[in-house]
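Please view the sequence and the model before reading on.

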Amino acid sequence: DKNGNIYAATLKGIFSYTLANKKWINLNSNFSPEGTLRRIRRLKFFNDEVLIASTSGNLPIFKVNIKNNTLDSLVDKTDTLPPNMYGLEKLNDQEMLGGLLSSGFSRFNVNTKQFKIGAGALQYSDSIRYNSVYDILKDSRGRIWMASYYFRLAEYIPEKDTIISFQSDPYNPYGFEGNDALCIYEDRQHNIWIGTATKGVY
């Protein structure tokens with residue numbers, strides 16, 4: 001966070017390392033019922049006070065207020081959002097993007113709890129892992145990149161709610177030659193790095 005404290009996602013909840021106490025603390029003890037937040041896949045700050053946590057469970061996304069020590073599920077059990085959420089990225093001051101297992105990605109409003117499955121090539125598919133989105137990155141220029149299983153590297157255009165796939169193509173010299181993409185990173189020189197399942201790093 002802005003104060004230099006570290007937050008770690010684990011199977012048993014969120015742990016924080018505070019510079020003041022110089023020790024790890026399990027934040028789950030602050031929530032009721034204890035143990036609600038577990039099997040965490042990703043953490044992303046929404047603002048200075050709120051962490052968004054994605055999980056592999058029947059309630060896949062939580063809003064964690066680290067100032068007030070409060071926990072709020074952003075999805076009800078009756079919702080149809082798939083139970084496994086991977087990558088997280090802040091889209092704007094109201095919305096987040098979440099990568100899903102076999103269902104592409106979701107665009108959701110943190111305040112109203114309204115979700116919708118993203119449009120385009122990464123829409124819902126019944127096949128396992130087909131459209132899984134493992135990571136999402138909003139780069140320094142504001143472009144949104146997605147690492148997906150089948151469509152490899154893709155770019156999301158939020159203004160048009162559409163996806164551009166960079167799959168390898170003999171007629172496209174800019175096609176991405178890697179196979180299924182798992183993670184994306186931007187370095188300090190603003191280069192984009194993509195980690196793949198079997199072909200290494202691009």
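Two strands pair if DSSP finds at least two bridges between them; strands (E, at least two residues) are DSSP runs, numbered from the N terminus. This is a predicted model, in which local features need pLDDT of at least 70 and side-chain atom pairs count only at pLDDT 80 or more, while totals for chains, interfaces and linings use all residues. Residues are numbered from 1 along each chain as its sequence is written, and side-chain values use heavy atoms, with hydrogens and water left out.

**Strand pairing**
- Lys 138 has Ile 144 in strand 13 as its bridge partner.
- Five bridges join strand 12 and strand 13 (residues 144–148) in the antiparallel sense.
- These strands belong to an open, antiparallel sheet of four strands in the order 12-13-14-15.
- Strand 12 (133–138) and strand 15 (162–165) each have a single partner strand, so one side of each lacks a neighbour in the sheet.
- Strand 1 (residues 6–10) and strand 2 (residues 13–18) form an antiparallel pair over five bridges, and a hairpin with two residues between them.

**Aromatic pairs**
- The structure holds five aromatic pairs (ring centres of Phe, Tyr or the six-membered ring of Trp within 6.5 Å; planes under 30 degrees apart are stacked, over 60 edge-to-face, the rest tilted).
- Tyr 17 and Trp 24 form a tilted pair, 5.3 Å centre to centre with 55° between the planes.
- The rings of Phe 105 and Tyr 156 are edge-to-face, with centres 4.8 Å apart and planes at 65°.
- Phe 105 lies in strand 10 (residues 105–109) and Tyr 156 in strand 14 (residues 153–157), so their pair ties together parts 51 residues apart in sequence.
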